[in-house]
Amino acid sequence: MFQSEPIAALATAPGIGAIAVIRVSGEGAIELTNRMFRGKDLTQQASHTAHFGTLRNRPNATGEASIIDEVLVTVFRAPKSFTKEDVVEISCHGSEFIIQQILRRLTQEGVRLAKPGEFTQRAFLNGQFDLVQAEAVADLIASDSDASHRAALTQLRGGFSKQLKELRQQLIDFVALVELELDFGEEDVEFAHRDRLRQLMIDIRRVLHPLIDSFSTGNAIKNGVPTVIVGKPNAGKSTLLNALLNEEKAIVSDIPGTTRDVIEDELFINGIRFRLIDTAGLRQATDQIEAIGIERTQQKMRDASLVVYLFDGKNIEPNELQAAVSEVRESGKPYLLVGNKLDAITDTTRETLERVLGEKVVWISAAKQTHLEELKTALSSRVRTDAAVQTGSAVITNARHYEHLTATDDALARAISGLDTNVTPDWLAMDLRVALHHLGAITGEITTDDLLESIFSKFCIGK
């Protein structure tokens, strides 16, 4: 197994804590740590064993080596480690001073401080996992909800990448036969059976399409669902935001136009992160500042993944409500109609408004915080992530994967169209090469240094 120069970094979060873990990986990692360690001889210890002792500074002029800290050192021998290199993990007390002293001492022994994501990059380069799984490591660390955690874990365990690799290999075999036909350009030969090639490309596209379609769901899981609350002034938008968050996030007043700017916060519902956005009321502005707020409201509506239109069920005419909701529908965004002040209106009024709108309304009282659970259920149903995530289905959360999947699908569509029109083998081979390139770029079978630098630079330093 290839071993690179030794690197080290803090693997736990920076700051003062009970313990900290410093990771060392690469050629000589065990030997150089042993030179600092007083306890058992680490070079003679088996892999996956932990040893108590002290780390010491270099001897001074009198030969005394002062103690830096009492530590627990865990030894992982290649290739049975995260990076598939020799790895040592030093568990020390979580003092920033102690951490810096240990890192300084490691550099004295010839260790280089690691770059962001360098441990995971080495694991990828050493064949521990493919690029999709490597990126899932960062997603798993960054996961902040049940859904994002499960999606990252599915990818880390292989997800869709194993299936793509198998299909890509079958396509490679066909491309080799098509390329062989090019060597016999003057002869009428056909090594790649066209019907079988067509069926393979159809099978690959059947795998790609659900993955491509899952990206909107995956993006919501990973980045949250931008959910804008809109409506007329004094409809109760700020009151609703405060009720959902269970805190006084927005100023509530009977004076129309109190909310002049957008207010954002996050709410987790059924494992999904909703980025709630309270906005200025939609009306004719009375001053320049309010006009800016309303313009920002309209921009947030354009950018949102979900629009919650809140109206005052007590103080709105059916025709007025119908006109306002028509504008929301015309935006083309998924939306939810929420009627406020349930406690102040009759069943007849509710039925009349729903009949005019032609659809169901979620009725609440934001001030009294009633029926908020029904609203949360309605919000989560609009996102529709649960089925895919709960069943462990692969969900695309990475924009890079989405771009390569769509490019692969486009290339295969062109190749199938080429078969229908009997294109020459060289044109067919060109589209198939494009498809192979993009499939390989997803799993890391085709990479560039710039790509790897871009991907792993987003990782934390100790990972």
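**View 1. The largest cavity in this predicted model has a volume of about 30 Å³.** A cavity here is a set of points on a 1 Å grid over the protein atoms alone where a 1.4 Å probe fits but cannot get out; its volume is the space filled by probe spheres set on the points, which are joined across faces, edges and corners. By this rule there is 1 cavity of 30 Å³ or more. Its lining, meaning residues with an atom within 4 Å of a point, consists of T227, I229, L240, L244, L276, V308, L375 and L379. Two or more of these residues come from each of β8 (225-230), α9 (237-245) and α13 (372-383). Helices (H or I, at least four residues) and strands (E, at least two) are DSSP runs, numbered from the N terminus. The lining has 7 nonpolar residues, 1 polar and no charged; Ala, Val, Leu, Ile, Met, Phe, Trp, Tyr, Cys and Pro count as nonpolar, Asp, Glu, Lys and Arg as charged, and the others, Gly among them, as polar.

A word on the model: it is predicted, with local features needing pLDDT of at least 70 and side-chain atom pairs pLDDT 80 or more, while totals for chains, interfaces and linings use all residues. Residues are numbered from 1 along each chain as its sequence is written, and side-chain values use heavy atoms, leaving out hydrogens and water.

**View 2. Helix α7 (residues 194-213) packs against helix α15 (residues 399-420) at an angle of about 150°.** Their axes, lines fitted to C-alpha atoms over the stretch in contact, with angles from 0 to 180 degrees between N-to-C directions, lie 10 Å apart. That makes α7 roughly antiparallel to α15 (an angle over 145 degrees). Residues in contact (heavy atoms within 4.5 Å) include M201, I202 and L208 of α7 and L405, L412 and I416 of α15. By class, this contact divides into 13 nonpolar, 3 polar and 5 charged residues.

**View 3. Helix α4 (residues 131-142) and helix α5 (residues 146-156) cross at roughly 155°.** Their axes come within 8 Å, and the two helices are therefore roughly antiparallel to each other. On the α4 side the contact includes V132, A136 and L140, and on the α5 side H149, A152 and L156. Here the classes are 7 nonpolar, 3 polar and 1 charged.

View 4. Most residues other than glycine have a negative phi, and most peptide bonds are trans.

Notes: On a 1 Å grid over the protein atoms alone, a cavity is a set of points where a 1.4 Å probe fits but cannot get out, and a pocket is an open set with protein on both sides within 12 Å along at least five of seven lines; lining residues have an atom within 4 Å of a point. Angles under 35 degrees count as roughly parallel, over 145 as roughly antiparallel, 65 to 115 as roughly perpendicular and the rest as oblique.
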